[in-house]
Amino acid sequence: MVAYTFSFIDRQIMSLLVGPVRSDLNISDTQFSLLHGLAFGLFYTLMGLPLGRLADSGNRRIIIAVGVAAWSLMTAVCGLARNFWQLFAARIGVGVGEAALSPAAYSMIADYFPPNKLGRALGTYSMGVYLGAGLAYVIGGLVIELVAAVPNVSLPVIGSIRSWQLTFFVVGLPGLLVALLVLTVREPVRRGLLLRKGAPTPQVSIAEVFSFLWQQRRIFGAHFLGFSLVALLFNALTAWTPAFFIRKFGYTAPEIGISLGLLVFVFGSAGIVCGGWFSDHLSERGYRDAPLRAAAIGTVALAPFAATATLMPDPVWSLVLLCPLLFFSSFPFGPAAAAMQLVTPNQMRGQVSALYLFAVNLCGIAWGPTIAALFTDYVFKDDMAVGYSIAIVSGLAAPLAALILFSALRPFREAMDA
């Protein structure tokens, strides 16, 4: 969870730097969204596939520790960027490092906990998303405020850099200590292994993984697509909500960073833990489709807040509606990971988790911020309309995700019975 928290601080810090990055690099909202989303998301998803396969047979603790060190260093390298393409390349490096974490972590946690506690365990791990995003806003806001008085900072060897570049050093380098912390984690014994002739098989082929996914396509197709839409909503929201408050209501970056950070920290974290608890509660009451049912119910509750939070004429009402929006947008993701582990053999969990993250993050991280920016730049053609863009993307994604997840309940029950 600590590692996941740091990963989200490092990936999310960009959303508070829209103004100075756009100004210094002379780029548009759409170009900024490519730095925030596509540069990170594309390689985060692509590298997750080979790293997920490695997690199914290798030492998962070492994989995570190396990944944490890599993304922390590359976050600091973002602070050396002098133009769009240099920052784009550094964001790719952050994505490659972070790809090592979740496939290995999901697999390890599924080996630590029994099925009726897995929702809470994975919810606790996934809480790092909201702790990290919240802290990114708060820390980013405070760092921006501290260094804003000095537009240029001189560092040994590196020389003169802008204050927004220093922010990347401040949030990135402490992650190296987390890499050392990960090495204290125990590598668990693998459970739920696929058997051949009564004995566990050490590894399965890629063809066998895809054959398994094809056999269970009604589950995994709906699972991947439904949660991808929730991720698209969440990433559009977190990428552009700071800009919405800054542009429409005149907030400064530190002001909205601290306010939003606290909301994400409290309500996002509470939502994902409650989602995991609710999934386990349904499981204990005998629902064989408990994880997907819990997630689908959460997306239904999410829809009305997703469509209205950034349409309010008053900033207080927007902040009030963001509380349930953040709670219910996080609610489905603990059950999402649990559902996947429960119907997947151990030797495939890292690879199936990587494919899930590929779908969710390619849609969410890479396209969520960009689709919202395209509405702002090319439909409304007005920077002040960013709130409408967020509302359109979020208001369509939530109900569609609910319909898709409900469609998978019956095949999921059949897979659990099998």
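Visitor: Why is R22 called partly exposed?

Guide: R22 has a relative accessible area of 23%. Buried means under 20%, exposed means over 50%, and partly exposed is in between, with a 1.4 Å probe and protein chains only. The value for R22 falls in between, so R22 is partly exposed.

Visitor: What kind of model is this?

Guide: This is a predicted model: local features need pLDDT of at least 70, side-chain atom pairs count only at pLDDT 80 or more, and totals for chains, interfaces and linings use all residues. Residues are numbered from 1 along each chain as its sequence is written, and side-chain values use heavy atoms, with hydrogens and water left out.

Visitor: What makes D383 and R22 a salt bridge?

Guide: Their closest N and O atoms are 3.7 Å apart. A salt bridge needs a side-chain nitrogen of Lys or Arg within 4 Å of a carboxyl oxygen of Asp or Glu. The pair meets that cut-off, so it counts. By this rule the count comes to twelve salt bridges. D383 sits in the loop between α16 and α17 (386–407), while R22 is in helix α2 (18–25), so this pair links parts 361 residues apart. Helices here are DSSP runs of H or I with at least four residues, strands are runs of E with at least two, and both are numbered from the N terminus.

Visitor: Why does D383 count as partly exposed?

Guide: Its relative accessibility is 32%.

Visitor: What about D289 and R413, how far apart are their closest N and O atoms?

Guide: They are 2.7 Å apart, and the two residues form a salt bridge. D289 is in the loop between α12 and α13 (290–308), R413 in helix α18, so parts 124 residues apart in sequence are tied together. D289 is buried, since its relative accessible area is 1%. R413 has 25% and is partly exposed. Elsewhere, salt bridges that share partners join R60, D111, E187 and R349 into one network.

Visitor: Is W71 buried or exposed, and why?

Guide: W71 has 0% relative accessibility, so it is buried. V66 has 54%, so it is exposed. W71 is found in helix α4, and V66 is found in helix α4.

Visitor: Which residues make the nonpolar surface patch?

Guide: I62, V66, L177, L180 and L183 make a patch of about 480 Å². α4 and α9 are the elements that give two or more residues to this patch. A patch takes residues with over 30% relative accessible area and no salt bridge; nonpolar side chains (Val, Leu, Ile, Met, Phe, Trp, Tyr) are joined within 5 Å, like charges within 9 Å. Areas come from the Shrake-Rupley method with a 1.4 Å probe, and for residues only the protein chains shown count as cover.

Visitor: What makes a space a cavity and not a pocket?

Guide: On a 1 Å grid over the protein atoms alone, a cavity is a set of points where a 1.4 Å probe fits but cannot get out; a pocket is an open set with protein on both sides within 12 Å along at least five of seven lines, and lining residues have an atom within 4 Å of a point. A search of the whole structure finds four cavities of 30 Å³ or more. The largest cavity has a volume of about 240 Å³. Of its 18 lining residues, Y4, F8, V129, F333 and V360 are the closest to its centre.

Visitor: How large is the largest pocket?

Guide: Its volume is about 350 Å³. Volume is the space filled by probe spheres set on the grid points, which are joined across faces, edges and corners.

Visitor: How does the lining of the largest pocket divide by class?

Guide: It has 15 nonpolar, two polar and one charged residues. Ala, Val, Leu, Ile, Met, Phe, Trp, Tyr, Cys and Pro count as nonpolar, Asp, Glu, Lys and Arg as charged, and the others, Gly among them, as polar. α6 gives the largest share of this lining, five residues.
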